[in-house]
Amino acid sequence: MHLAYPAVLAALLFCVGLYGVLARRNAILVLMSVELMLNAVNLNLVAFDVWLRDALHAGQALTLFTIAIAAAEIGIGLAIVLMVYRNRGTADVDRLRDTAESPETPESPESTAEKAEAAA
Amino acid sequence: MILAAPPAHPGFLSPTGVEVAFLLVGLVTLGAAVVSVTTKQLVHAALWLVVALGGLAVEYLLLTAEFIAWVQVLIYVGSVVVLLLFGLMLTRAPIGRSPDADSGNRPVALAVAAAAAAALVWVVWDAFRKSWIDLEGPAQGSTGVTGEILFRHWVLPFEALSVLLLAALVGAIVLSRKKPEGERD
Amino acid sequence: MTTTTLAALVPVLPFLGAAAGLALGRTAPGFVRPLAVLPTLAAAVLAVLVAVRQGGNTVIEAATELTPTGSVPITLGLHIDGFAALVAVLVGVVASCVQIYSTGYLREDPRYPSYAALVSLFTAAMLLVVYSGDLMVLLVGWEIMGICSYFLVGHYWETPEARSASLKAFLVTKLGDVPFLFGLFALAADAGTFRIDGILSTVASGGLDHPTLVALLLLAGVAGKSAQFPLHTWLPDAMAGPTPVSALIHAATMVAAGVYFVARLLPVFAASAAALTVLAVMAAVTMVGSALAALAQDDIKRVLAYSTIGQLGYMAGALAVGDRGAAVFHLLSHAAFKALLFLAAGAVIHAAGTNSLTAMSRMGGLAKRIPDAYWTMTVALLALAAIPPFAGFFSKEAVLVAAEHTALGDRPGVPAGAGWTVLVAGLLTALLTAAYALRLWLRTFRGRGAEAPHHGRQPIAMTSVLWVLAVPSLGFGLSALVLDDWFDGESLLPTLTTAVLGTGLAVAGGAVTYAVWRTVAARAVPPMATPHVAHPDADAGLVEAEALRLPHPAEDPADPGRVLLGPLHGPAADGFHLDALYRTVFVRPVVGAASLVRFLDREVVDTYVSGAANTAKGLGWLVRRAQTGNVQTYLSALLAGSVVLAIAAVALANAFAGA
């Protein structure tokens, strides 16, 4: 079998996953896309392992590790998403914008007043 | 190895049976993946992910990595997707079409993904179009082989990974545990 | 104590007094008066002592170099010859009189402590100028006087006149000081030293390379300080200060400094005939112009101010004809009677409640109210008009004699034209001086009208000083018999020709003025309300501060000066429109240039500044747009960047591989 087939398939799957990560709104869908990307890498690992006939089968071993880590990742990731959802009522990635700079000036009168009160 | 590969292997226009099967399953996998990241129905996305991951398992089989294939089916199709579905349900994801499944970032995402795909495919094709995988001979990824190398050469990482999994398990439990009333984290 | 130590103490004492007065002025008001009077008085006594020990014809030289100062060394030095000793005595005496007078005059002034300290500092600076043997140290005193005059003229800074007058005094003298500084540098560069004796010996050996340039540059500074045409305009305006300050500035310190400086460095000026000619013309124009202007003024202090300018013109004229003995002699006698005139004028203003001559001429019996001021002022005016045997007669005759000698070619190295110029202008001015002196006297003390209000006797501190100063005004001229030893040894005694000419012209001027006054005063004067101060019983200084703000009454037909001057009266009253001329020629362009600079600064330079700020702000705004808080956007940018980098790397690798 040509090596190009699995390699190209893996590349395309990776990019589909990439698109999903960047374009999806729901955090769980983003996690799914991450899984797709990981699997694309796995396919690569397996294909090259077979192609190279590695005596240690490093590719396959690494694939197993990746799968295990992916399982752990999905567990933790889902736990985080659940907590976010519980705290904020949404799991939409683009609505979690606490790091954005507010459109007003950083030192709004209320905030300074609050500061003054806090200082007092 | 590359140089040692048989110089006269069949061209792309005369595929072997395995190649035909790989291509067809690959197309299905890719299509399922694309639908999974584009569909407006969230639950459908998870189900299409099952198809894609299952397709990948078949590909592993075709690459003679049977143990990986079964692990794939077991862990991904069996548990990860189920977990994801649980997650969808726990976050009250709407059943049916939700028009806002994609964020406003979509055009940028498309452009980046397309550029990345073009670059990767170009590079990969350029590098490996003459490489040939010899699938004859003993299976590369039979359970026996895999078990042997795993517990002979990769024991230490394997054990470390088990600890990591345990830590992840504990972490997930701690994170998702419902707090008693009045207690805040 | 050695004479050198005594001499060093003379400028130091008032300086310490000033420092202590400033330091204690608020905390210990009781010490202010002793601290103001005693150091100055002590300095005066010490100056007399120094003069006695110096004896007139021996030159005391002492110098110490504190630290090396580069190419031209600067030393703390004393150079006391007859001129310095006598002028120091004069400064000390007049300053003491002024300080004593001020204790009465500014009795209730809240700013008296700072005022007294500044007067002390002023005195110290002048004494430094007088004694200094080093031109750089002299310049220090010179500039301290400039800043002190600024503060003292602006003593009543609540009034806009005082503010602008103090600024004007400062700026105009500074205008002369800049070329003066350059002149000092040029002189030191030629002579290789700032020491006066070194410079004089250089000049004597003909080592001065650019005598005309140096002399003209120095003359600019002298004209500024000594109020010579064309830099005299600050002096009449400086009348906005308190009267004792005027007395100090006019008699002893500021204006004397310029004349004294030229007298001290006369050989430098004498090395250049051109400079002497310029000085002579300057003196002549100053004399005649200021005498005409004095004849037309209504403010009593402005009359005196213009007369000061005129008398300074005499001194400058004496210097221009190369006789510094006559110049300093006139400086001394003029200081006595001019200080007296100003101090008496202060008493008159206090009594009359106005500084307008017109208002005084409609006030009867002023002479009876203030007999001390009346008699002493009469003496001083007679001295001013150079009537024998008063002091002014002898000193003015000395000047005229010197000019006559030069005009007749008796003095080698000085152009005869300068002598003729000074002589003719001096004689003409003698006529005019007598006229305005008599006019002043008649209009002040021979007024007709309502009786002057009675405010009680003047403080003894004020009247006693008047009599003290009346003595030298009366008798100082007789010292001409002995003073020539202290100076260059030339006789200061009048000759018959000039004495007859000068006195005759003075008497003629007086007679004409009296006749005109009789004629016009007989005319019916329309009763006009003349402005007076609202609180005539207040302290003298407060009365004057208030009088400064009074409007001057309209043209008075009973003014003899008006008739005498005829069509010249308007321009003369306005100082021959020199202020307006300066305004057109200098002030307007400067203001225009300033507004241009302001425009350039605001509209052009600031555009770059604010443009830079706005650019940064805009960039910041753009960058802020990127910070959306959306993780996906960040990730897109990150990945796009990696893709671009990866493609670039691959393309480069291919390109190199292809190459």
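Two notes on conventions. Residues are numbered from 1 along each chain as its sequence is written, and chains are lettered from A in the order in which they are written. As the model is predicted, local features need pLDDT of at least 70 and side-chain atom pairs count only at pLDDT 80 or more, while totals for chains, interfaces and linings use all residues.

I start with chain A and chain B. Here 63 residues of chain A are in contact with 80 residues of chain B, contact being C-beta atoms, placed from the backbone, within 7 Å. On the chain A side, the elements giving two or more residues are helix 1 (4-23), helix 2 (27-52) and helix 3 (58-88); helices are DSSP runs of H or I, at least four residues, and strands are E runs of at least two, numbered from the N terminus. Helix 3 of chain A supplies the largest share, 19 residues. By type, that side of chain A has 48 nonpolar, 9 polar and 6 charged residues. Nonpolar here means Ala, Val, Leu, Ile, Met, Phe, Trp, Tyr, Cys and Pro; charged means Asp, Glu, Lys and Arg; the others, Gly among them, are polar.

The contact of chain A with chain C takes 9 residues from chain A and 10 residues from chain C. The chain A side divides into 4 nonpolar, 1 polar and 4 charged.

Now the helix pair. How do helix 1 and helix 2 of chain A cross? Their axes come within 8 Å and cross at roughly 165 degrees, with axes fitted to C-alpha atoms over the stretch in contact and angles running from 0 to 180 degrees between N-to-C directions. The two helices are therefore roughly antiparallel, the term for angles over 145 degrees. Residues of helix 1 in this contact include L13(A) and V16(A), and those of helix 2 include L36(A) and A40(A). The contact holds 18 nonpolar, 5 polar and no charged residues.

On to chain C, which has 28 helices and 4 strands. Of its 659 residues, 57% count as buried, that is, with 20 or more other C-beta atoms within 10 Å of their own.

The largest nonpolar core has 234 residues; such a core is a set of buried Ala, Val, Leu, Ile, Met, Phe, Trp, Tyr and Cys residues joined through C-beta atoms within 7 Å. Helix 15 (residues 324-352) of chain C gives the most to this core, 21 residues. V94(C) is among the residues with the most contacts inside the core. Beyond four places in sequence, V94(C) touches L248(C), A251(C), A252(C), A335(C) and A339(C). A second, separate core of 85 residues includes V16(A), A47(A), Y76(B) and I133(B).

Definitions and conventions:
Contact = placed C-beta atoms within 7 Å. Buried ≥ 20, exposed ≤ 12 C-beta atoms within 10 Å, placed from the backbone. Parallel < 35°, antiparallel > 145°, perpendicular 65-115°, else oblique.
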